[in-house]
Structure formats: structure tokens, C-alpha cells
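Please look over the sequence and the structure below before reading on. The paragraphs that follow take up charged pairs and the packing of helices.

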Amino acid sequence: MSLLAVVLLCMFCTVTNEACAVPSAQQWLVTGLQTQLENGVKQQSSPSPSVVMALNLARGRDSTATKRLIQDIKGIKEMTSGKVALYVLSLQSSCVDPKDVPTAGGHVNVVSALEEKTNEEIKHYYDTGTPKTTNYQLALDILALCVEKSPDAKNAAATLIKIVKGCQSKGCFDVDTAAMVALALTCVHDGMSKGSKMEGAITETLHVITAQILDSQQESGIIGNIYSTGLAMQALSVTTEFYPAGAWKCTKTIDEVLRKMYEGAFTNPEAGSQILPSLVGKTYLDVATLNCFSDPNITVHYTVINQLIGPYFNYSITVKVPKGSILLAALEAAQRVNPTIFSFQTESTSWGPMVISIHGVNGSTDDKTYWQFLSGDKPLDQGVGSYKPTDNEHIVAKFSTY
């Protein structure tokens, strides 16, 4: 096997005793997915609420996308219950109160609209044996109502429990639906009094539903298929008390997801929006606890220095990027502000993107020159696709020799 092949294979290797998280060397893949979703949202007149929510969970809020979400509320009466639920969660993640959304036509209570549509789902179930739309949408409705602390969430959860109990055969729910059921019931469970009859019923149901999800776990780590794995990861990460320790091979799952990402599996925005939260350590339940009062951004001071070849230069800029961003995001922010001075180029390597040129000055193997990155005067031990600067950190890109 060639050295290149070994490097490419190792790019997806993780150490089994590490926490179940994306290894730092592969963070650039997550950043690439985030950028892809951000670019897609900017091009849409009506942004997908699930994509906006995923980006809010991952990197902070986009006020422009939020304004366009609010404009779409006018069509709420024609939406399915699940679509309304997505708007509730997306607005909440954008720090807009879904109970009081300011629109051109007046203030709208989207939670009240969701309560009405959820009650229609339940009535249809008791009249016909099935919800008005799907079990998935009913579960999503309950999750959104629970996040908003609506009293209707508990009643709807009791109906969902009855549906699960009536589903005896293996694989009765697909993985996506089972995962959404798990997320919804976990939310309701977390707000219940311990020892209550309802809490006991939810606990029993969560044991059943997590077992169904785990039955779909493949040897590769994929759960169901690659596109259902995102929601399954979210569900299994918040229900660990309801299945045996070690039953979910989380590290295997992340390794395989990263491998598929490298192959371009998540070009569809909806699929990308379901996988992104787990890759940044979040789930849809975190919508309820997002901090809407602190600045989601950090300040990065960035300097580029060339004292090797003329014309020499030393330029500095200060940019803001979402907290938790990798260094590459700060370079991109600087380039957007002043593309003449802070333009740069990267080259893909098995270790992630490598900066090969800044301000038109290229590194050269013949001259043994390259762009070295430092924090203050200390060389970074990670690349621009992995290193995450802290607030007010001074990053220096210095044209150097080796």
C-alpha cells in the first residue's frame, strides 16, 4: 500500500478511548459542511427552517436568514404540523419568541398554531388509527411543543406512547421516525416528576424505541442508512440511560460519517442539517438552552507578514467570527473585508486545507518557503482547518523558510 493511501485511511482513524467527538484533524470536514449550508441559505429567498436551526446550533445566528424565516410565517395555515414545528424550533434557535413573532401583518403566535395542528393530528389518530400526516411529524410536533413548555406536549406524548405500544413488529418505525420519537419523549421525560405514572410510561417506551434504533446499527457504524444516521446520533446521544452501555458504537459511527462526508454524501441541505448538530456536539433539544443574550462571536486579530521577498509587507486586521470557528473561518472573514490585502489560497491535503499563498506570495518547495501560522510568537501545532482561535487571540501568518 502506498504512503498516500495509508495517510488517506488514517485520516478517518480515531482512538477508541477518546470521547465520541470529531477528531481535530477532521474538523475541516465539519467546517466545509457548515460553509456549504451557509452558502445555500444565502441563496434562498425562503431558507429551510431545519438548515437555519442546524446552523444556529453550530455557529451562532444569521439575522438575515431569520428575517426571511419570519416573512414565510404568513403561509402558516397551509403548512403541515411538522413544518410549523420546524418553524417553531428554528425561530427559537434564532432567539425569536415563537409565541410572539413580529410580522408585517401583526404579531403571530406560531406555538398556538402548532398546538391546533397537533390536536388535529391526535383527533385523526383516534378517528382513523393514524395521525393526520405521519408519526414522524407528530413526534416533531411534540418536540417543538416541549421545547416551548406547552402543556399540550404531555397529552400528545401520551398518544405517541400509545402508537409505539401498538407497533409490535420489528422495524415498524423507520430509523428517522424512531429517532424523532426518542428526541420528543426525552424532552417530555426530562420535565416530568420522577416516579410519576407518565414518567414510567415514557421510560418504558424509550427502552423500546432505542432498542429499535440500535437494531438498525450496521457493522460500519451507520444506523439505518447514511441519511438516517444524523437523527439517530442525536437520539442515541440523549438516551444513554435507556440502552446498555457500549451498545452504540459511537466512534465507528462518527468515523463512517466523516468518511462519507469526504466522499460528498451530504450535498443535500436537509441531509446536511440533520447530521451537523451531532458533529458539533448538539441535538435539537439544545434549542431550548441556547444563550440568546451573549455575543455568539469572538474577536480575532490577524496579521500577515512577509520580510523575505520584495515587496515586503506587514498588514493587520481585526475580524469577528462565530465562537468555536476554526482559523480558516477567520482568514475567510479577513478576505471578505479586504480581498486585495488578505486574499489567500489553500491546497487540499490529507490533513486538511493548507495555506499556500497570501497576498499573492506563494510558498515554494524549491526555495523552501511556506506560510507559518503563530499565536502571538508561538507556532501553532494544528492547521487552519483544525485550530480554533480564542477570543482576542492574535494570529500571525509569517512567510518563512524551512
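The side chains of Glu-219 and Lys-252 form a salt bridge at 2.6 Å from N to O, a salt bridge being a side-chain nitrogen of Lys or Arg within 4 Å of a carboxyl oxygen of Asp or Glu. Glu-219 lies in the loop between helix 10 and helix 11 and Lys-252 in helix 12, so the pair ties together parts that are 33 residues apart in sequence. Glu-219 is exposed at 66% relative accessibility, while Lys-252 is partly exposed at 35%, where buried means under 20% relative accessible area, exposed over 50% and partly exposed in between (1.4 Å probe, protein chains only).

This is a predicted model, in which local features need pLDDT of at least 70 and side-chain atom pairs count only at pLDDT 80 or more, whereas totals for chains, interfaces and linings use all residues. Residues are numbered from 1 along each chain as its sequence is written, and side-chain values use heavy atoms, with hydrogens and water left out.

Within helix 12, Arg-259 and Glu-256 also meet in a salt bridge, at 3.6 Å from N to O, and being three residues apart they are separated by about one helical turn. Here Glu-256 is buried at 15% relative accessibility, and Arg-259 is partly exposed at 28%.

How values were computed: Helix = DSSP H or I, 4+ residues; strand = E, 2+ residues; numbered from the N terminus.
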